[in-house]
Amino acid sequence: MTAGAVLFGAGILIVLALLFALGPSVADRLLNRVGRPGPHPLSEPARSLHRRLLVADLHADSLLWSRDLLARNARGHVDVPRLLEGNVALQAFTIVTKTPRDMNVESTSSDTLDLTALLTFLQRRPVRVWRSPLERALDQCRALRRAAARSGGALRIIESRGDLERFLAERRSRAGATAGFLGVEGLHCLQGSLENLEVLYRAGVRMMGLTHFFDNEVGGSAHGRRKGGLTELGRRVVRRIGELEGIIDLAHASVRVIEDVLAMTPRPVLVSHTGVRGTCDNNRNLSDASVRAIASGGGLLGIGFWKDAAGSAEVRSIVRAIRYVCDLVGVEHVALGSDFDGCVRVPFDASGMGLLTEALVSDGFHEEEIARIMGGNVVRFLLDHLPQETGTNRPPQ
């Protein structure tokens with residue numbers, strides 16, 4: 001072996017070592033940015049109001065990243081200390097299992113390099129998750145459960161109405177606790193098997209996003225190549241979600257999937273994170289017709305915090321989108337869907353949720369309306385549509 005070959009081999013080893021050691025954390029820092037780092041001072045009226053609210057957010061991809069959720073981190077958007085600082089009572093932890101390299105809002109193929117698979121490898125997650133979207137989903141479920149078990153009660157997991165009722169009662173008398181519930185972003189992680197829906201449900205997933213950025217075996221994505229409706233498997237999946245009292249999430253769904261789901265399910269659906277074309281016209285966001293159709297069935301729309309959803313990653317743009325949907329279908333259908341930790345730049349992290357409360361006050365919303373938008377609508381929706389009891393608080397695996 002020549003000296004040059006030895007040096008080349010050593011160089012490859014150094015690059016791999018750096019990727020393992022620094023790659024994921026550097027990517028996390030670069031991709032999950034904040035426009036306005038804390039602290040976030042508020043006026044006294046806004047601060048007082050915000051502390052009285054039940055704040056809930058429908059979308060955060062925090063489990064994708066190897067951070068300690070119980071420690072305050074210098075990167076990313078969400079951890080328990082920042083949730084508590086932002087008075088977030090309830091955070092949806094949404095599971096990402098596949099992200100194609102050419103991902104875009106117009107036309108995405110699922111056949112390119114899977115960046116989520118690469119990230120799991122670089123983060124040294126268990127070997128079984130490297131090649132299996134289902135195993136990636138279960139790995140993230142276990143990560144949240146382990147964090148809750150280590151939290152000393154600071155982080156609860158919500159799987160049922162009973163869980164949520166007990167948490168809300170305890171929270172009224174005990175400060176310093178927040179809760180999370182699990183959702184999945186795209187049912188390609190079923191790997192074509194209806195039986196795997198039961199596996200996800202037993203792992204604690206209650207909010208089922210049918211598609212992500214690409215078409216899958218269940219149905220078409222708004223950003224896919226075909227943008228079709230529900231497949232036959234997709235129809236069986238929708239029926240089974242209803243039988244399990246799961247919640248259907250239509251974020252990223254094609255127009256045809258939205259129409260197919262609303263035509264076949266009597267249960268209200270939600271969109272965990274979205275914008276609306278009325279304020280930011282692009283293929284990522286919902287038309288007025290889709291907003292009205294979802295709301296007419298009692299649905300809920302989580303307004304996103306990032307540029308493609310709101311028009312800019314600024315608080316005033318989020319409020320503009322919220323105002324538009326309130327005027328279109330009513331305040332009872334509006335919620336927050338930040339997309340924290342979803343490889344987006346947002347105006348503040350979880351600790352800065354009070355900035356949105358202050359902006360809503362400045363825009364003329366009344367206290368009761370703000371309470372509904374900031375989390376009251378989500379809490380009501382979950383109390384109405386989660387299963388009554390499901391045996392929560394099982395030990396971590």
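**A walk through the predicted model**

Let's start at Cys343, which has a relative accessibility of 39% and so counts as partly exposed. The cut-offs behind that label are these: buried is under 20% relative accessible area, exposed is over 50%, and partly exposed is in between, with a 1.4 Å probe and protein chains only. Before going on, note that this is a predicted model, where local features need pLDDT of at least 70, side-chain atom pairs count only at pLDDT 80 or more, and totals for chains, interfaces and linings use all residues. Residues are numbered from 1 along each chain as its sequence is written, and side-chain values use heavy atoms, with hydrogens and water left out.

How many disulfides does the structure hold? The count is 0, where a disulfide is taken as a pair of cysteine sulfur atoms within 2.5 Å. Cys280 itself is buried, with a relative accessible area of 12%.

How far can you trust the picture? The predictor's confidence in each residue, pLDDT, runs from 0 to 100. The chain has a mean pLDDT of 92, and 92% of its residues reach 70 or more. Where pLDDT is low, the predicted coordinates should not be read in detail.

The largest pocket has a volume of about 680 Å³. It has 31 lining residues, and those closest to its centre are Leu31, Thr99, Met103, Gly342 and Cys343. The elements giving two or more residues to this lining are α1 (3-31) and α4 (115-122), and α4 gives the most, with 5 residues. These helix and strand names come from DSSP runs, numbered from the N terminus: helices are H or I with at least four residues, strands are E with at least two.

A search of the whole structure turns up 1 cavity of 30 Å³ or more, and the largest cavity holds about 40 Å³ of space. Its lining includes Val238, Ile241, Gly242 and Arg267, with α8 giving the most, 3 residues. Both kinds of space are found on a 1 Å grid over the protein atoms alone: in a cavity a 1.4 Å probe fits but cannot get out, while a pocket is an open set of points with protein on both sides within 12 Å along at least five of seven lines, and lining residues have an atom within 4 Å of a point. Grid points are joined across faces, edges and corners, and a volume is the space filled by probe spheres set on the points.

Helix α8 also holds Leu233, which is buried at 14% relative accessibility. Leaving aside neighbours within four places in sequence, Leu233 is in contact with Gly192, Leu194 and Glu217.

Now look at helix α9 (residues 255-264), whose buried residues are Val257, Ile258, Asp260 and Val261. Seen down the helix axis, they fall within an arc of 165 degrees, so they line one face of α9; the arc is that of the directions from the axis to the C-beta atoms. Their cover includes α8 (232-243), β6 (247-249) and α10 (288-296).

The loops have their own stories. Between β5 (205-209) and α8 sits His212. Is His212 buried or exposed? It is buried, at 5% relative accessibility. Beyond four places in sequence, its contacts include Thr99, Glu185, His188, His223 and His252.

Elsewhere, Pro39 lies in the loop between α1 and α2 (44-52), and the peptide bond from Gly38 to Pro39 is cis, with omega near 5 degrees. Arg124, in the loop between α4 and α5 (133-150), has a positive phi of about 60 degrees although it is not a glycine; at 61% relative accessibility, Arg124 is exposed. Gln191 has a positive phi as well, near 55 degrees, and is found in the loop between β4 (178-185) and α7 (195-202). With a relative accessible area of 40%, Gln191 is partly exposed.

Note on methods:
Contact means heavy atoms within 4.5 Å.
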